[in-house]
Amino acid sequence: MSSTELPFVPPANVLPKVGTVRVAEGERLRSVELPGVTLTMRSRPPAREGLPPALYVHGLGGSSQNWSALMALLDGTVDGEALDLPGFGDSPPPDDGNYSVTAHARAVIRYLDASGRGPVHLFGNSLGGAITTRVAAVRPDLVRTLTLVSPALPEIRVQRTAVPTGLLAVPGVALLFTRLTRGWTAEQRVRGVMALCYGDPGRVSAEGFRNAVQEMERRQRLPYFWDAMARSARGIVNAYTLGGQQGLWRQAERVLAPTLLVYGGRDQLVGFRMAQKAARAFRDSRLVTLPDAGHVAMMEYPETVATAFRELLDEAGGSGTRRARRAGRTDTGGDAVGASGTDESMGG
């Protein structure tokens with residue numbers, strides 16, 4: 001093994017069980033075994049029978065908990081589930097150690113095929129946005145609508161504040177970072193992540209902060225924590241370099257599902273300037289811009305995102321089937337309203 005590589009992570013069936021994942025009131029967790037991966041699914045009982053299914057996919061360093069606030073607001077609109085990507089949340093690493101965007105998309109597709117829940121209303125944040133864009137492009141039969149919150153799509157000029165996250169993709173950097181920050185407490189790490197991901201970290205409630213610290217403490221005891229982070233970051237960088245039909249922007253152009261795009265004006269990881277480009281790329285898009293939001297608008301302004309999603313459904317005919325394809329159409333939302341004392345560790 002190269003000295004620049006992270007240590008070997010044993011298979012999932014021999015990994016130690018570390019702590020208990022928090023489950024909010026009304027939520028439930030279950031484990032789903034699929035070829036090559038085991039996924040933890042977080043769900044809420046729908047308000048009534050017969051609601052259309054939805055699936056939420058988090059970002060780098062996040063988990064299904066990132067969607068708890070939005071899931072609660074939409075439980076009368078959709079029958080929602082949020083997954084922990086392989087190596088994140090409570091899901092063990094993939095058997096083959098592959099954390100590429102394509103591998104993550106394959107895990108999502110395998111779950112949807114195995115569960116028979118598709119087509120679903122598909123949500124993605126950051127890395128999850130890149131993953132769900134790929135899913136919607138290659139398997140349109142599985143997607144009713146697509147909602148992307150600060151999707152990690154390629155940028156020519158990356159923001160300086162996003163460079164440290166991208167550097168995790170460089171072999172050896174994650175290991176070096178763990179050594180340099182060995183003395184950091186979970187509280188210090190959480191404050192750093194919140195400062196990076198929130199437009200205003202002060203919006204997080206005291207309870208939400210405590211929950212995030214507890215989750216960070218749990219994750220730091222996982223032997224594969226930094227390995228999953230580094231390899232997934234490398235997967236994003238590699239996806240940015242792909243051209244042709246595999247390029248993420250080209251795949252965005254192939255998405256048929258009505259698409260809601262949500263961008264934050266204070267996002268330090270995904271450039272706000274990319275909002276208009278995304279609105280042009282997705283052929284049936286609606287754009288909502290939240291000037292005061294950061295990278296995780298579904299956690300900062302869940303009420304606003306929930307309202308925008310319901311409006312998407314109204315325009316798309318409720319079932320997610322477009323009444324008419326209007327290429328390049330965008331709607332711009334202005335000031336964000338509603339606050340939430342959101343919780344847990346954020347994703348990039």
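Q: Is D75 buried, partly exposed or exposed?

A: Burial is judged by relative accessible area: buried is under 20%, exposed is over 50%, and partly exposed lies in between (1.4 Å probe, protein chains only). D75 has 22% relative accessibility and therefore counts as partly exposed. R44, at 16%, counts as buried. The model is a predicted one, in which local features need pLDDT of at least 70 and side-chain atom pairs count only at pLDDT 80 or more, while totals for chains, interfaces and linings use all residues. Residues are numbered from 1 along each chain as its sequence is written, and side-chain values use heavy atoms, with hydrogens and water left out.

Q: With which residue does R44 form a salt bridge?

A: A salt bridge requires a side-chain nitrogen of Lys or Arg within 4 Å of a carboxyl oxygen of Asp or Glu. R44 pairs in this way with D75, and their closest N and O atoms are 3.7 Å apart. The two residues belong to distant parts of the chain, 31 residues apart: R44 is in the loop between β2 (37–43) and β3 (53–57), and D75 is in the loop between α1 (68–73) and β4 (79–84). Helices (H or I, at least four residues) and strands (E, at least two) are DSSP runs, numbered from the N terminus.

Q: How many salt bridges are there in the whole structure?

A: A search of the whole structure gives 16. One of them joins D79 to R117, with 3.8 Å between the closest N and O atoms. Because D79 lies in strand β4 and R117 in the loop between α2 (101–115) and β5 (120–125), this pair ties together parts that are 38 residues apart in sequence. R117 counts as buried, at 18% relative accessibility. D79 and R117 also belong to a network of salt bridges that links them with R30 and E81.

Q: Which residue meets R139 in a salt bridge?

A: The partner of R139 is D113, at 3.0 Å from N to O. R139 is in the loop between α3 (127–138) and β6 (143–149), D113 is in helix α2, and the two are 26 residues apart. R139 is partly exposed at 23% relative accessibility, and D113 is partly exposed at 41%.

Q: What is the mean pLDDT of the protein?

A: pLDDT is the predictor's confidence in each residue, from 0 to 100. Its mean here is 81, and 77% of the residues reach 70 or more. Over residues 1–15 the pLDDT is below 50. Where pLDDT is low, the predicted coordinates should not be read in detail.

Key: Contact = heavy atoms within 4.5 Å.
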